[in-house]
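Trainee: I would like to learn how to read a structure. Can we take it feature by feature?

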Amino acid sequence: MTDAAPTFCLPWAELSWNSHEVPCSTHYDDHYYHPIDPLAEIEHVFLVPNRLRERFRALKPRQVFCVAETGFGTGLNFLHLCALWQREVVPRFDPNQLPCLVFMSFEKCPLTPSQLARAHQPFLGPGRQPLTEWAHRLQDAYPHRVPGWHQCDWLEQGVSLQVFWGDVLAGLKELEADVDAWFLDGFAPARNPGMWQPALFETMARLSHGQTTFGTFTAAGFVRRGLKQVGFAVQKIPGFGGKRDISCGQMVHPRQDRRLAPWFAPAPAISPPRDALVVGAGLAGATTAYALAQSGVTVTVLDAKAAPAQAASGNLAGTLHPLITADWNRRSQFYTLGLAATRRWLMPWLAAADSGVQGRLDGGVQLAVKAALKERFEKARFRIPLPESLACLQEAGRISATLGSATDCDGVWFSQAGWVSPPSVVARCLSHPNIKVVCQAPVSDWGNINQAWWVETEQGRFQADHLILATGALDAGVSERLRCPIRPVKGQVTHLSAAALDKRLSVPVNHQGYSIEAHWPQAPEVAAVCGATFEGDDPDETLTEASHRHNLAAAASALPNWLHWQASSMTRPEGVSGRVAWRPTTADHLPVVGPVPDWEGLARLYEGRPPGKRPRFYPDMPYQPGLWVNNGHGARGLMSVFLSADLLVAQMMQRPWPVPAPVAHWVHPARFAVRAWQKGHYDFNP
């Protein structure tokens with residue numbers, strides 16, 4: 001791999017430190033916080049002008065309070081606010097009634113984890129609780145330094161942090177939120193003019209309501225005038241620490257057309273479910289059922305097969321690792337969030353001897369077996385400062401040592417990657433006492449009567465408040481009725497006995513497929529799996545010699561010493577078996593998760609309304625209340641089903657979402673119809 005100096009699309013935070021250990025940006029020539037008493041400055045500039053103590057004390061059970069900040073920097077504003085939240089809010093509520101603080105922030109030049117820890121050090125100590133606790137929480141959960149949206153949740157404290165690494169205007173322009181208070185931070189307008197633009201003030205107005213307030217350290221005339229022009233009442237008040245004036249104010253002329261994407265509007269609030277039906281007992285259905293059960297909902301899971309996890313979720317093992325793209329696009333961002341959710345769910349189960357969940361998440365390798373893949377890695381290296389905590393590019397020799405088997409390919413070491421057995425996860429989820437599983441229950445029809453959903457099956461009719469359809473790849477009738485363009489893609493996995501292996505494989509590896517060596521109690525004759533093929537929508541369930549040879553050839557090409565087999569061999573190794581399943585895929589390689597639109601209502605509302613007008617011209621997307629879908633997870637289901645279950649249940653239970661709104665839009669069930677309509681191709685009466 002080349003050693004040329006990289007040019008990053010996400011600049012590093014270049015710091016110097018004064019004698020008091022205060023960080024200073026060498027690029028903006030400005031301190032990150034007040035050099036003498038930064039906590040008092042935060043109080044004076046942000047907390048008091050936004051009346052946060054009084055507003056926190058007035059919060060009602062489960063109320064959401066949203067703060068947006070321009071310039072995350074060291075995170076000190078966030079930490080000080082969380083300390084206030086810990087004192088004023090958390091002790092007053094039972095855990096299940098706790099309000100939620102959503103803190104959204106934007107940062108063009110994120111600090112590294114070591115810089116962050118050093119910046120926090122002066123504020124830590126026994127007399128600094130709970131700020132010290134929050135500093136450790138933030139340092140432990142600090143997002144990877146890659147562009148786009150990231151989220152950290154501390155549900156037991158009722159706090160959610162959403163950060164956008166990148167230009168603040170780029171992040172704000174796609175944001176949907178009801179902001180209650182603004183922290184206009186970032187470096188001074190004279191030093192950071194790129195942020196203090198009319199577009200910032202316009203977006204603030206779009207995201208603000210009649211009670212929204214702001215505080216900022218600057219009293220620059222063009223800033224005050226810009227905020228007044230978009231509807232804020234602005235006043236100057238005395239500054240802090242020798243600064244003459246600062247500014248604060250409140251929105252007094254809120255806008256009526258605040259929705260940026262009405263076609264992705266959230267489903268209107270209805271009563272959280274007491275009971276729910278989940279159709280499909282694969283990974284998507286099982287994780288959704290478990291998340292609902294954990295929320296106190298009684299769940300019935302219906303599946304057409306004789307047992308759960310009989311489709312692609314029945315594969316013995318699958319790998320999971322970050323998706324590297326040269327431009328760090330939506331898929332990379334979504335699956336990075338998804339990997340974090342997967343680890344949140346699975347790490348406690350993998351650590352518990354009695355959970356039954358099989359797998360390891362302590363590292364994995366992706367080999368650059370094709371020139372195009374190597375080129376993608378190189379472009380990502382030059383455009384994105386991939387942190388070693390996420391991905392580390394390595395030469396073939398070092399990769400070989402890691403694998404325990406020789407390879408001629410360079411590759412990427414993912415420290416948080418690994419493998420998981422999907423059937424063991426499904427079994428763990430469905431063992432929850434609030435879940436009942438009914439098998440051999442193919443769905444023939446469903447509908448809504450008296451605000452309840454019913455499902456007709458061969459085992460009888462079932463009814464509940466909410467219905468979630470997670471049917472996977474092969475139920476074309478369900479997908480067609482939901483207007484979800486799910487395409488089944490056949491895949492054959494090859495199982496190998498110990499006799500077929502020549503070398504040990506220490507960690508899971510992805511090449512043109514994947515190879516995993518492990519022990520499965522439910523299949524003791526299998527020592528390794530490799531696969532899987534991509535064979536389109538071929539409906540034949542028969543294992544084929546050609547597909548086995550494809551999987552073996554891919555493994556042998558990447559790992560020439562691993563198998564007792566060569567591509568030139570006329571026979572396959574001893575003890576080869578396998579299974580065939582179909583992955584539910586989508587055209588944009590992202591799942592379909594969320595409330596199901598009312599397609600007839602959409603036709604009435606949108607037919608005759610051409611695209612391209614201002615958002616206020618369009619009504620909110622209509623939905624079928626209580627009907628949800630969770631499907632289309634494809635080959636990366638182990639990195640999407642857990643996040644998707646969290647998102648779906650948060651929407652159903654009217655809790656803050658585990659992803660920022662723009663990310664939820666990427667997987668919205670109406671996105672394909674909306675794209676077709678925006679291009680003038682949508683048929684409102686198919």
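Mentor: Start with a helix, H4. Gln-115, Leu-116, Ala-119 and His-120 are its buried residues. Keep in mind that this is a predicted model.

Trainee: Why do the buried residues of H4 line one face of the helix?

Mentor: Look down the axis of H4. The buried residues fall within an arc of 130°, so they line one face.

Trainee: Which exposed residues does the face turned away from the buried side of H4 carry?

Mentor: Pro-113 and Ser-114 are the exposed residues there.

Trainee: And what do the buried residues of H4 pack against?

Mentor: Their partners are strand S1 (15-17), strand S2 (23-25), helix H3 (76-88) and H5. A contact here means heavy atoms within 4.5 Å.

Trainee: H5 came up. What sits between H4 and H5?

Mentor: A loop, with Pro-130 in it; the loop runs between helix H4 (113-120) and helix H5 (131-141). A cis peptide bond joins Gln-129 to Pro-130. Its omega is about 5°.

Trainee: Where is Ala-532, and what kind of peptide bond joins it to Gly-531?

Mentor: The bond between Gly-531 and Ala-532 is cis, with omega about -15°. Ala-532 is in the loop between strand S28 (528-531) and helix H15 (545-558).

Trainee: Back to H5. Is Ala-141 buried, partly exposed or exposed?

Mentor: Ala-141 is in helix H5. Buried means under 20% relative accessible area, and exposed means over 50%. Ala-141 has 29%, so this residue is partly exposed.

Trainee: Which residues is Ala-141 in contact with, leaving aside neighbours within four places in sequence?

Mentor: With those neighbours set aside, Ala-141 is in contact with Cys-152 and Trp-154.

Trainee: How does Ala-267 read, taken the same way?

Mentor: Ala-267 is found in the loop between strand S11 (245-251) and strand S12 (275-279). Its relative accessibility is 28%, so Ala-267 counts as partly exposed. Leaving aside neighbours within four places in sequence, Ala-267 is in contact with Pro-595, Tyr-623 and Trp-628. Ala-267 and Gln-624 are 357 residues apart along the chain, while their C-alpha atoms are separated by 8.7 Å.

Trainee: How do I describe two packed helices?

Mentor: Two packed helices are described by the angle between their axes and the distance between the axes. Here, helix H10 (residues 330-351) packs with helix H13 (residues 422-430). The angle is about 90°, and the axes are 12 Å apart.

Trainee: Are H10 and H13 roughly parallel or roughly perpendicular to each other?

Mentor: Angles of 65 to 115 degrees count as roughly perpendicular. H10 and H13 are therefore roughly perpendicular to each other.

Trainee: Which residues meet where H10 packs with H13?

Mentor: From H10 come Trp-345, Leu-346 and Trp-349. From H13 come Val-425, Arg-428 and Cys-429. The residues of this contact divide into five nonpolar, no polar and one charged.

Trainee: How do I check the length of a helix?

Mentor: Take helix H11 (residues 371-383), with 13 residues. At 1.5 Å a residue, H11 should span 18 Å. The end C-alpha atoms of H11 are 18 Å apart, which agrees.

Trainee: Which residues of H11 are buried, and what do they pack against?

Mentor: Leu-373, Phe-377, Glu-378, Ala-380 and Phe-382 are the buried ones. They pack against strand S16 (364-367), strand S17 (392-394) and strand S18 (411-414).

Trainee: What about phi angles?

Mentor: Look for a positive phi in a residue other than glycine. Gln-440 has phi near 50°. Gln-440 is in the loop between strand S20 (435-438) and strand S21 (443-449). With 46% relative accessibility, Gln-440 counts as partly exposed. Arg-483 also carries a positive phi, near 55°. Arg-483 is in the loop between helix H14 (476-482) and strand S25 (487-496). Its relative accessibility is 29%, so Arg-483 counts as partly exposed.

Trainee: One last residue. Is His-665 buried or exposed?

Mentor: His-665 lies in helix H18 (residues 661-666). At 13% relative accessibility, His-665 counts as buried. Not counting residues up to four places away in sequence, His-665 touches Glu-176, Phe-264 and Arg-671.

How values were computed. Residues are numbered from 1 along each chain as its sequence is written. This is a predicted model: local features need pLDDT of at least 70, side-chain atom pairs count only at pLDDT 80 or more; totals for chains, interfaces and linings use all residues. Side-chain values use heavy atoms; hydrogens and water are left out. Helices (H or I, at least four residues) and strands (E, at least two) are DSSP runs, numbered from the N terminus. Buried means under 20% relative accessible area, exposed over 50%, partly exposed in between (1.4 Å probe, protein chains only). The arc is that of the directions from the helix axis to the C-beta atoms. Axes are lines fitted to C-alpha atoms, for helices over the stretch in contact, and angles run from 0 to 180 degrees between N-to-C directions. Angles under 35 degrees count as roughly parallel, over 145 as roughly antiparallel, 65 to 115 as roughly perpendicular and the rest as oblique. Ala, Val, Leu, Ile, Met, Phe, Trp, Tyr, Cys and Pro count as nonpolar, Asp, Glu, Lys and Arg as charged, and the others, Gly among them, as polar. The expected span of a helix is 1.5 Å times one less than its number of residues.
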